[in-house]
Amino acid sequence: MPFNLLVAACLLYVIALFAVAFVVESRARVGRLGWLRSPLVYTLSLSIYCTAWTFYGAVGYAARSGLEFLTIYFGPTLVFVGWWWLLRKLVRIGRQYRVTSIADLISSRYGKSNTLGVIVTVIAVVAATPYIALQLQSVVLAFGVFASATPEGVTAPDASQTAFWVAVGLALFTILFGTRNLDVKEQHHGIVTAIAVEAVVKLVALVAVGCFVVWGIAGGLSDIFARIDAADLTAWQVQPGRWTGLILLSAAAVITLPRMFQVMVVETNDEGHLARASWAFPLYLMVISLFILPIAVVGLEHLPAGSNPDMFVLTLPLAEGQGALAMLAFLGGFSSATSMVIVESIALATMISNHVVIPIWLRLHRSDAEREDLRAVVLNARRLAIAAVLALGYGYYKVSGGSAALAAIGLIAFLGVAQVLPALIGGLFWRGATRTGAILGLGTGFVLWAYCSFLPSFGPGAVLSGAIFNDGLFGLSWLRPQALFGTESMDPLIHALFWSMTLNTFAFCLGSLLTFPGPVERLQGAAFVNVFQGGVGPQRWAQGEAEPEALLSMAQRILGEEAALALFEKAAREQGKEGFLPDPTPGFLDAVEARLSGAVGAATAHAMISQLVGRATVSVEDLMAVASESAQIMEYSARLEAREAELTRTAGALREANEKLLQLSLQKDAFLSQISHELRTPMTSIRAFSEILTEGALPSEQVTRYGRIIHDEAKRLTRLLDDLLDLSVLENGTVQLNLALTSLHEMLETALTAARQTRPERSFAMVRDLPAETIFLKTDADRLTQVFINLISNARKYCDADAPEIRIAVRQRGARVTVDFIDNGRGIPKEAQSLIFEKFARLSDANRAGGAGLGLAICREIMANLGGSVAYLPGQGGAAFRVTVPLRLDQLAA
Amino acid sequence: MRRPARPLFLARAPYRLRRLRDAARLLPILGFLLLLLPLLWAGGDQSTLTSGEVLYYFGVWGVLILCAAAFAPGLKGGEAGEEEDD
């Protein structure tokens, strides 16, 4: 295939990407993104995880080590399938605090420390350099394949020259679309959409080659399986250590790779997209790896020994004379490489400009240029940074000679960025993680990674001398870069993974445990860890010291005149003010800081505002004030709650008392009419008969009869009045008790005999327990007997059973004796039970048997005077009363 | 600075949602174990790759994806009362 055609195809492809990015950018500007912000685009943009390393390298990896290449995809699969653990929180924090990069996240979490931002930036840049070199190398190799396959005319292009022009082209593209504007929140819709298109291209290309290999060269799936089984390569044995380690490593890398962070966290607005991507992205990974093993197996069989397995994707179709397919595959590889380089360099450039260039610039230009537009500085810094990153990648490519296998370089880069993981996870889930801990951990991890993995990757004698390799640093054998502490037989990568991550985490935890975080750090820690609970603001500025005008001019320098004015005007209107200068309230300062940090990162924004506010940070006192404020509010509300419960209780008791009072008042009324009636009846007959007697001239027997009637009626009146008097004496507690030892049995006998006069026509069956009744009580026998008589008479009066029966049960309980009187009648309705002991209470529908309703009231008073009680026993099958008397009543207690 | 205590018991729908979240949390752990499982049986003297292993890994992969796809719609509408708890 003519080489020029290849170059032309590349150019056309790039122009098409340009067009896509351009169209989307212009639509984004008018706010019409529509489906371009869909989960599909989000998922596809995540596929920058699959770089040229995946596209070419995975086949080579499979050809060399069998299934091990799958680990690189298992890690991300587990992370995404488990998005509820980590990614959800990451995305929420990224959205809420306008995080611009992973360095920004770390620096922001640990008290907006720029030191940490710089450290993470350095790690990311150093780790990305070999990775970018890898992409350049893959494109160069691909060009080389085509050049060598086309003997007619073209000479093989000079490899480094190709790499150079590819790097320049990519830098131009990235600068054009990645630094067009300084966005609030670093978002690049055009680029993201272009990346999504590239994701489709590489997937289609790889699947096309795969289908060709499976059904074109081999004889279908079963044949492929047969070939896999037949391939006899001992190297394909899975090594447990590497297998496990690589799954974990790739899981760590997918979270911490700057470009993954860029598309996953920075470029998204919608957490719902993550839910979709949680399965769609693993699906993409699975589809893209489906055909890698078949291509590797068939390539090993079909192509001459010694051909580079990394290029099987190209060389297989070429060897079979499928020029068009090879071209497609080439474009797929090209797009994997370009998309990775573009996003990675944008992410790195953001970090470099926000954490390195701008802080330095601000320090250098502190005094002058108050009104200078910083946006140009930021953008130019980014452009330079992009060029620098690509230059570094190119430099690495030149130095390393592009000889190492793709997969090895990729894994080294993974391990480099994975060093950020402990600080990241700790920062998200552990409030105790401190800045010092993070610095220590990151530093330890970075140094170990460089010493054990990165520097040795140049080969013995390049950076680290052969002596260091063999004898260790300073001749200390336990410091050999690939056998730290004497761990000699480990796989070099797993060795580096184990030691760097272990000591990194250890240093991080130890540093965090031993140091005390500053106030901003603690605020940020609480805000990040509890992001789902809300409540903790990210920052509380002190009121008032900033000049609104100075704030405005500073915001203009970064956001641009229009955006800054709009922000200030909106805030002023919310405060109810006219014009563009709102009061510098803490809330407003927070809002300005949040907007600024979307452009230049949290640390820089914080530093700029604190310059104006004149106070570097919140103080510990402020923190405690915040804490005690909320504690006070909670305490106050708890107290309110308690008081409310108490009020409710009191209201309930009052309502009950009121009801009782009402009922009592009704009863009293009823009693008055009753007592009038009771008094009037005898009075009437007394008056009538005495009148007759006064008239005289009556036979003597009639006089005698009338006299007896008058006498009886007068007795009734006296009895009634006696009862009333008795009651009032008992109630006043002035009653005189005659205490003596008396047999309970005797008292009951007396009572039964006396009560027989009540309705003597009815015969009651008595159920008694005579042995139990032989108890001697020290009490007022007459009074107690009076109570018994009353209860038994009541039973005789009101028991409505056909075969009436009264049961008397006596029990001794410690120093008290209970006597139960239980009949087998209908009992007393529940609603009346609480009233029967009240004075004048009478059940309206019971047998009218005379009496003024004073009997039970008198009983109650007597029992109170005797130091006992009488109560209604519910649930005994009839009316039941329990009399409780003390065995020995002291005179004093009475 | 916690908000008032969350309810101790939940109605049926929120209860199911909580358990769905639990399942989503457990899924990657299960996946990791399943992906490590062949190390146990391949730890012996087997030196070459068999198609059975390939099928196993892709099978596990597919199951993980299906489970995640089944969980995703339910988890998406993370309602207001978010939680780190149960």
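A:Arg639 and A:Glu635 are joined by a salt bridge, with their closest N and O atoms 3.3 Å apart; the term denotes a side-chain nitrogen of Lys or Arg within 4 Å of a carboxyl oxygen of Asp or Glu. The structure is a predicted model, in which local features need pLDDT of at least 70 and side-chain atom pairs count only at pLDDT 80 or more, while totals for chains, interfaces and linings use all residues. Residues are numbered from 1 along each chain as its sequence is written, chains are lettered from A and ligands numbered from 1 in the order in which they are written, and side-chain values use heavy atoms, with hydrogens and water left out.

## Salt bridges

Both A:Arg639 and A:Glu635 belong to helix H28 (residues 620–695) of chain A, where they stand four residues apart, about one turn of the helix. Helices (H or I, at least four residues) and strands (E, at least two) are DSSP runs, numbered from the N terminus. A:Arg639 is partly exposed at 44% relative accessibility, and A:Glu635 is partly exposed at 47%. Here buried means under 20% relative accessible area, exposed over 50%, and partly exposed in between (1.4 Å probe, protein chains only).

Over all chains, the count of salt bridges comes to 20. Three of them are set out below.

| Salt bridge | N to O distance |
|---|---|
| A:Arg639 and A:Glu635 | 3.3 Å |
| A:Glu574 and A:Lys570 | 3.6 Å |
| A:Arg860 and A:Glu861 | 3.7 Å |

A:Glu574 and A:Lys570 are separated by about one helical turn, because they lie four residues apart in helix H25 (residues 561–574) of chain A. A:Glu574 counts as exposed, at 61% relative accessibility, and A:Lys570 is likewise exposed, at 52%. In the bridge between A:Arg860 and A:Glu861, A:Arg860 is partly exposed at 31% relative accessibility, whereas A:Glu861 is buried at 14%. Elsewhere, salt bridges with shared partners link A:Glu68, A:Arg242 and A:Asp491 into one network.

## Helices and surface of chain A

Helix H13 (residues 271–290) of chain A contains 20 residues and spans 29 Å from its first C-alpha to its last, close to the 28 Å expected at 1.5 Å a residue. The expected span is 1.5 Å times one less than the number of residues. H13(A) has a kink of about 45 degrees centred on A:Ala277, the bend being the angle between axes fitted to the seven residues ending at a residue and the seven starting there. H13(A) is mostly covered, with 15 of its 20 residues buried.

Within helix H16 (residues 323–364) of chain A lies A:Ser345, which is buried at 0% relative accessible area. Leaving aside residues up to four places away in sequence, A:Ser345 touches A:Thr174, A:Ile386 and A:Val389; a contact means heavy atoms within 4.5 Å.

A nonpolar surface patch of about 550 Å² is formed by A:Trp430, A:Phe506, A:Leu510, A:Leu513 and A:Leu514. Patches consist of residues with over 30% relative accessible area and no salt bridge, like charges being joined within 9 Å and nonpolar side chains (Val, Leu, Ile, Met, Phe, Trp, Tyr) within 5 Å. A:Phe506 is placed in helix H22 (residues 492–514) of chain A and is exposed at 53% relative accessibility.

## Chain B

Chain B has two helices and zero strands. Of its 86 residues, 35% count as buried.

Notes. Accessible areas come from the Shrake-Rupley method with a 1.4 Å probe; for residues, only the protein chains shown count as cover.
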